[in-house]
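The exercises below are meant to be worked through with the sequence and the model side by side. Try each task before reading the solution that follows it.

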Amino acid sequence: MRTLTADMELARRFLLCLVEAGQEWSVLIDEIAEDSVADNVAVHVLCLLQASESLRPFELRKSIAVTSGGMTKIIDRLEGAGLIARLAKKPREDARGVQIALTRKGSSLVESVLVALAPQIH
């Protein structure tokens with residue numbers, strides 16, 4: 001067995017925390033949200049939007065390995081749950097101008113989950 005450096009051990013612990021937090025995040029979202037919307041990709045989208053005012057679907061897809069159609073389905077699901085909203089910047093027929101942002105409900109949900117998970121990260 002290879003001996004890990006201190007940095008490698010820290011990285012290993014970090015990765016384990018991420019996996020555990022991801023599992024707990026999904027459970028917490030399902031408990032807090034009215035509809036079951038939690039999966040790893042949806043969680044990723046919510047976290048990205050929490051850190052930004054708004055993003056275009058293309059910008060979300062750059063960090064998530066899904067097709068354009070897959071991203072549309074995720075956005076539709078999260079929008080249906082009232083967690084995100086489409087903000088049209090161009091005429092409605094031109095989806096390229098659409099920005100995606102968290103709603104108050106979505107922001108509150110993400111904040112609640114982060115508060116619940118924060119003590120476990122230390």
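**Exercise 1. Decide whether Glu79 is buried, partly exposed or exposed, and then find the charged partner of its side chain.**

Solution. Begin with the accessibility: Glu79 has 29% relative accessibility and therefore counts as partly exposed, where buried means under 20% relative accessible area, exposed means over 50%, and partly exposed lies in between (1.4 Å probe, protein chains only). Next, look at the side chain, which meets that of Arg86 in a salt bridge with an N to O distance of 2.2 Å; a salt bridge is a side-chain nitrogen of Lys or Arg within 4 Å of a carboxyl oxygen of Asp or Glu.

Before going on, note that this is a predicted model, in which local features need pLDDT of at least 70 and side-chain atom pairs count only at pLDDT 80 or more, while totals for chains, interfaces and linings use all residues. Residues are numbered from 1 along each chain as its sequence is written, and side-chain values use heavy atoms, with hydrogens and water left out.

**Exercise 2. Find how many salt bridges the whole structure has, and describe how they are linked.**

Solution. A search of the whole structure gives 2 salt bridges. Besides the pair of Glu79 and Arg86, there is a salt bridge between Asp76 and Arg86, whose closest N and O atoms are 2.6 Å apart. Asp76 lies in helix α4 and Arg86 in strand β1 (residues 84-88), so this pair ties together parts that are 10 residues apart in sequence; helices (H or I, at least four residues) and strands (E, at least two) are DSSP runs, numbered from the N terminus. Asp76, at 39% relative accessibility, is partly exposed, and Arg86, at 24%, is partly exposed too. Taken together, Asp76, Glu79 and Arg86 form a network of salt bridges.

**Exercise 3. Identify which residues touch the most other members of the largest nonpolar core, and which elements contribute to it.**

Solution. A nonpolar core is a set of buried Ala, Val, Leu, Ile, Met, Phe, Trp, Tyr and Cys residues joined through side-chain atoms within 4.5 Å. The largest one has 22 residues, and those touching the most other members are Val45, Leu46, Leu49, Leu60, Leu78, Ile84 and Ile100. Two or more residues come from each of α2 (40-50), α4 (68-80), β2 (98-102) and α5 (104-121). In soluble globular proteins, nonpolar side chains tend to be buried together.
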